[in-house]
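Hi,

Here is the structure I said I'd pass on.

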Amino acid sequence: MNVNQQTPMASPYGPPQPGYGQPSYAPLGGGYPGPYGPYNGPAAAYQPGAPPQGPARGPLTSAPRPVSTPQAYSQYPQGDSQNGPPPMDHSMAQPAHRSPVSQPYSQGAMNLSGPHPSYSQQYGAPPPMQQVTNQMSGMQIGSGPPTSVGPGYAHHPSSQPPISAAYSSAAPPSYTQAPPPLSAAPSQPPPPSEPAASQPYYGGPPPPQQQPFPSAHHPSQPFVSSSPYLGPPSQPQAPPVSQQQSFPPGPPAQQPFPNSAPPVSQASYSGPPLTQHSFPPSSQSGPFPPISISSSQYPGPQPQSQPGPPPFHSGPSPRGPIPPPSMSQQQANHLPPGPMQQQQPPQPGMQGGYPTQQNGAFGQPRGPQPGYAGPQYPGQQNYGAGPAPAPAPPAQKRLDPDSIPSPQASELPAVQKSRHRIDPDAIPSPIQVIEDDRVNKSSEPFTTGVRGQAPPLVTTNFQVKDQGNASPRFIRCTAYNMPCTADMAKQSQVPLAAVIKPLAMLPPDETPPYIVDHGDGGPIRCNRCKAYMCPYMQFIEGGRRFQCGFCSCVTEVPPHYFQHLDHTGKRVDCYDRPELSQGSYEFVATVDYCKNNKLPQPPSFIFFIDVSYNAVKSGMVKIVCQELKTLLDYLPRENPEADSVVRVGFVTYNKVLHFYNVKSSLAQPQMMVVSDVSDMFLPLLDGFLVGVNDSRMVIESLLDQIPEMFADTRETETVFGPVIQAGLEALKAADCAGKLFVFHSTLPIAEAPGKLKNREDKKLVGTDKEKSLFQPQSGFYSNLSKECVAQGCCVDLFLFPNQYVDVATLGVVPVSTGGSVYKYTYFQAETDRERFLNDLRRDVQKPMGFDAVMRVRTSTGIRATDFFGSFFMSNTTDVELAGLDCDKTVTVEFRHDDKLSEDTGALMQCAVLYTSCSGQRRLRVHNMAVNCCSQLADLYRNCETDTIINFFSKYAYRSILNTPTKTVRDTMVNQCAQILACYRKNCASPSSAGQLILPECMKLLPVYLNCVLKSDVLQPGADISLDDRAYLRQLLSCMDVSESHIFFYPRLLPLVKLDGGSLPMAVRNSEERLSKGGVYLLETGLHLFLWVGANAQQELLSNIFGTPTFSQIDPNMTSLPELDNPFSQRLREIIDSFRSQRSRYMKLMVVKQEDKAELIFKHFLCEDKSTNGGASYVDFLCHMHKEIRQLLS
């Protein structure tokens, strides 16, 4: 994705397209949809009484609620959870304090029938109410009869006698886990003893008329709990009382939810559902009419019989008080516009949702028993309620999930401001999962000695101690428990793969792999399978022989390597030898491991500079020549003290090639022109590749002259094939490996080998012929790359296009040789210089190996069958890389060819043979052992979603070369549905099909998969070019897990208090999370956006931009002013640290709210609907649930 153009452009990829209007905001009632207003929290679902067993939930923190009269709340609220305004009137008595009777938690399911008020979110025009009602009639979720009140928990068979005012408390429950920081709630929970006053958001006044809502990610959200539910009290059931409520003018009926059943982890939820609110008609936004939302229900009888805590823990434990629902909002079902100042218009999309069920299920919660009115609080008005109780409304038909439209959003309007049927806070939040992992796993070092132990997430900062398995920085697996049989693997559909980054850079506090030199004998290996000595080899017969862990063959130990065994059977020198005690290490390779049995020469770097009209005019030629003068001092070297042994050469070209002799004995460089590009040859040997220190004066003279020589050029045509051929010939002549740096600007249309034509055809997008656009135009570059790999010639391509250059074809050589493609569309020297130079510096300096071959060996039972990345393969086992740098990954898929044993587990060994930048031949070895399991539950307990998504995306991006993109998307959705359906069928406790139950470690699979499906490569908008799609497709093929994570789910940080060393808590990627009064930093891995709200405080703007007013901010700035205040310094530090973590330099773009550039920014808010037809997270979840139900039925 390109952000090289000027900020005011309406699209991320070029000039504004017709039909791209300004983003429409539709402020509600003058306010802006900000999610951070006060939260009128529910009463907790914890009963006073015996403490909960099992893992406890985190604190229910919330912003303070509006209060009309002071209420006392006790620290231990009612056991019945309240989820909205119950139908009742003043005459109702107050709920009594329950006796502290505790019951075992029952992992049951909730009945989710009953009327579900919501905004039915259809695609296109809103359907008639009756139609939607009928549509949903089959989606009963849970067991038990459908009941008649709104969403929420059904209440227990016992209800409470009334009491008068405040809750009283019983013995405090004991909680065991410290609460992690909340994901996006900037406000604190109100103190238990006094009414909460409205708190400003981010230190400023709340946006006008902002609806109080659950904070951005409330830890009480239904999916994140696993505390036992303390069951119903044993009082007899009170006779139900019901009352019909009347509503202010609005739509007739309350709508059930169409396609919804949000997922949860298997970790069950026993806490309260989130409170929903309803609003006056004047505050409605979006295509749907105002529908009031009633959601005050009570925990219902759980049909499941399995007592005990849930199997997995999925969230924080509650600490401290939980405010009871505020009177004004819980009681009044709909407020007339006017008198109540606390009631403000809502946020789009934050409306009614299923609270989760016990057992972590989602679906429609069962309402209370018909007519049960629920509690009322003192001092409360009952707006709109009728004077007398009326019979309960009849139960609605069950919902039919099969009538739910799937979110193939071709029918969607470009920007649809509709309300969700499900509260987004009630579905699994990536931010909460990331935060929980960080809190739980960042303090202790991760030791790799335990087989099959899943590492912390890539988003967590942790230290690794190598104790026999490779660090997760080198290898990450999709599953750390492999299925024992092929049938089991096929049944689960979980991909078995490893993402391997052989030369990964380690943080300063970790030791790089040790280098082991066994002398002329070379590394010790198994006789049969040729695996290298590693911790999995078993020494026998007193240490004279060893049995291979991979193939079980017994091999003699060479005399010089013999050592005695201790009483446990280990060699006594085990901990002195890295290859016996470490997961990763290097061997010095002998001459037998070298090409032609000859030790290698040090590598060379050759710079090819396009000097055609476009390249000179953009300023690229001048910038490159200027930078190379200093950059040549930073060529890669192993010993920082010594000079680099890498030699350099220089060529310029347009439709002919100019070679330069820069021999140290010359006073001035000499140019030699090769105009016969059809038969490329090297015009000089001596003086072309030179040492930098020897020829520094001549090289600097040349770099000064090149911009002047071509300043007045009128040549617009370029060649490309002969450029690569020239570099290849030069490396062959010097008999060394090396890297070509090609700076290129236009489609190569000059007569020459590899000439291309412009084949950009937007009409093919979305058709079966679209795949041809990702394939190279001819076989010329594929054959050329094969020759490059044989010589160890790696190519890095820097593109500066102003129009189509056919990246799909030009990228073939870089991708096949282990190189990289960098793209700077509409390059402008003043705005893009910094990004280009940082990329170039890193590319020249980074550690890399040349002429590399990688092989992955596995223990009996599995084998490596498929490989993804930037490399070439001439057979089925060897991955050949002309160059391998510290950023490149190779992804390997494994398949069964026999049964595996739970006792021995599965082993893999990745060995990479390469030439170091000093010219030494080395072998780097990474070992990994994982567990094997015969139970599906064990497989699902030990997967890593980020790695699965990395694999899926690479598989999909490669598939579009041969398959229509729609088929690729459907295949991915189907495989994901099969994974989750298999879990549901075989691992989850029995419950109604209407519930969506997700494995704990895969609860984010749907949200991340949706991000992949609606990425620009698989579902392009009208504004993205074919070149950008080809570029992103190639870029992803060698991304590691941390880069693919941020690429698909960007990081959105609210810039509030930036004091201290820690970052502010991220918020979820949705427009709903943006406050008009805030400033946010969005990191995508390729770009940084600084979004400034129109009502941002003057102090904040002065601290960041040095100007107090929104209108004075320059949207074209690409770097922040260096101001002398702590906020500015800390913000610039954060930006620098983000950039240092990524392999590409991220250019900063300032985006002012409601500016044209905001469309680019919104493109990365991946939980929302996208303009290119991608579904929102909530809609996709519903679609996924429908797919799972179809598979189960």
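Helix α15 covers residues 945-959, and its end C-alpha atoms are 21 Å apart, which agrees with the 21 Å its 15 residues should span at 1.5 Å a residue (that is, 1.5 Å times one less than the number of residues). Helices here are DSSP runs of H or I with at least four residues, strands are E runs of at least two, both numbered from the N terminus. Of the 15 residues in α15, 13 are buried (under 20% relative accessible area; exposed is over 50%, partly exposed in between, with a 1.4 Å probe and protein chains only).

Bear in mind that this is a predicted model: local features need pLDDT of at least 70, side-chain atom pairs count only at 80 or more, and totals for chains, interfaces and linings use all residues. Residues are numbered from 1 along each chain as its sequence is written, and side-chain values use heavy atoms, leaving out hydrogens and water.

On to the rings. I get 34 aromatic pairs (Phe, Tyr or six-membered Trp ring centres within 6.5 Å; planes under 30 degrees apart are stacked, over 60 edge-to-face, the rest tilted). Phe780 and Tyr781 are edge-to-face, 5.0 Å centre to centre with 90° between the planes. Phe780 is partly exposed at 22%, while Tyr781 is buried at 0%. Phe868 and Phe951 are edge-to-face too, at 5.5 Å and 85°. That pair ties strand β20 (residues 862-868) to helix α15, with the partners 83 residues apart, and both Phe868 and Phe951 are buried.

Cheers
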